[in-house]
Amino acid sequence: MGEAEKKKIIIDTDPGIDDAMAIFVALRSPEVEVIGLTTIFGNVYTTLATRNALHLLEVAERGDIPVAEGSHVTVMQGTKLRIADFVHGSDGLGNQNFPPPKGKPIDQSAAAFLVEQANLYPGKVTVVALGPLTNIALAVQMDPTFPEKIGQIVILGGAFSVNGNVNPAAEANIFGDPEAADIVFTCGADILAVGINVTHQVVLTDDDRDKLEKSEGKFARYLCKILELYFSYHSEAYSTKGVYLHDPTALLAAVNPSLLTYTTGVVRVQTSGITRGLTLLDTTKKRYGEITEWSNKPTVKVAVTVDAPAVVDLVMERLMYS
Ligand SMILES: [Ca+2]
């Protein structure tokens, strides 16, 4: 596949153990060209997310890929952030205390970088959003033409007709900045949301981890070190013997959309009360008698099913290849 035909992707990320997996899978996917990483708070604070993004690119010997640092606060300037360090370790990468990266982020903010790239390659850039949606919302606010110029936004987020993973209502990435999520879901861009109703079907088992451990693959060996903490969190929180592949599933949805099936409708995000962060899809099948908060809003695609064995196989294959 020639460089010109590859899908250009920007990964907006809060690394994050499964973010690390997704980034490595992307770098090993010949169908796509990673043209940048943008960072956001979520699994860690933004400063550490930037450091981890740079570190992961150095592990992959891809220091040529630019990293643009994202927002340190929510789109409403909120500073009280939810940080999931109890899932990913205080360093975000399984408490391995890796040395600091040599590289530095570019001078542009994540939102400015997103806007610039969308303008440089109109209709050609896919954003894979693996954290709270603050940077994407800021890009929409910075340039009202961003939604039509961006090719697609693949969102890892939401819990559609299932319980959340922060609380019964909310999934973590949406809960991290619900106002930003509502801006993005209603901005009119070509959006595909991959929620935990789908990613909870994609499980990397103990056996899979053993295979990674025994492989000669550089990424596989690296990931086995950081995966330990992720496995123990899942065992405690869900009583499972495997881990959910949230971020790699969303990434592969961008690489190969035929791995999932979708429905279409309008998604709004609850921004207040006990269900703050709830994603609610109107499938537009009923004509309501009144104007609702979903009326006349752009539709998005929401993933419904996933070929989970195929996703796990692809993740394994791409990580084990050395
Ligand atoms: Ca993430």
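Is Glu-61 buried or exposed? Glu-61 is exposed, because there are 9 other C-beta atoms within 10 Å and a residue with 12 or fewer counts as exposed. This is a predicted model.

## Two residues with positive phi

Most residues other than glycine have a negative phi. Glu-61 is not a glycine, yet its phi is positive, at about 55°. Look for Glu-61 in the loop between helix H2 (46–59) and strand E3 (67–68).

Ser-239 also is no glycine, and it has a positive phi of about 55°. Ser-239 sits in the loop between H11 and strand E8 (242–244). Ser-239 has 7 C-beta neighbours inside 10 Å, so it counts as exposed.

Most peptide bonds are trans. The bond that joins Pro-15 and Gly-16 is cis, with omega about -10°. Gly-16 lies in the loop between strand E1 (7–13) and helix H1.

## Helix H1 is covered

Helix H1 spans residues 17–27. How many of its residues are buried? The count is 11 of 11, so H1 is mostly covered. Among the buried residues are Asp-18 and Asp-19. Others include Ile-23, Ala-26 and Leu-27.

## H1 against H11

Two packed helices are described by the angle between their axes and the distance between the axes. H1 and helix H11 (residues 218–238) pack at about 160°, and their axes are 9 Å apart. The pair is therefore roughly antiparallel, since the angle is over 145 degrees. The crossing of H1 and H11 is left-handed.

Which residues make the contact? H1 gives Ile-17, Ala-20, Met-21 and Phe-24. H11 gives Phe-219, Leu-223, Ile-226, Leu-227 and Tyr-230. This contact has nine nonpolar residues, no polar ones and no charged ones.

## H1 against H13

H1 also meets helix H13 (residues 308–320). Their axes come within 9 Å and cross at roughly 70°. H1 is therefore roughly perpendicular to H13, because the angle falls in the range 65 to 115.

Met-21, Phe-24 and Val-25 of H1 touch Val-315, Arg-318 and Leu-319 of H13. Here five residues are nonpolar, none is polar and one is charged.

## The annotated domain

UniProt, in an unreviewed entry, lists residues 9–312 as "domain: Inosine/uridine-preferring nucleoside hydrolase". Over residues 9–312, the chain is 38% helix and 18% strand. The end C-alpha atoms of this stretch are 21 Å apart.

Conventions:
Residues are numbered from 1 along each chain as its sequence is written. This is a predicted model: local features need pLDDT of at least 70, side-chain atom pairs count only at pLDDT 80 or more; totals for chains, interfaces and linings use all residues. A residue is buried if 20 or more other C-beta atoms lie within 10 Å of its own, exposed if 12 or fewer, and partly exposed in between; C-beta atoms are placed from the backbone. Helices (H or I, at least four residues) and strands (E, at least two) are DSSP runs, numbered from the N terminus. UniProt positions are given in the numbering used here, feature names are shortened, and annotations may be inferred rather than shown by experiment. Axes are lines fitted to C-alpha atoms, for helices over the stretch in contact, and angles run from 0 to 180 degrees between N-to-C directions. Angles under 35 degrees count as roughly parallel, over 145 as roughly antiparallel, 65 to 115 as roughly perpendicular and the rest as oblique. A crossing is left-handed if the near helix is turned anticlockwise from the far one by less than a right angle, and right-handed if clockwise. Two residues are in contact if their C-beta atoms, placed from the backbone, lie within 7 Å. Ala, Val, Leu, Ile, Met, Phe, Trp, Tyr, Cys and Pro count as nonpolar, Asp, Glu, Lys and Arg as charged, and the others, Gly among them, as polar.
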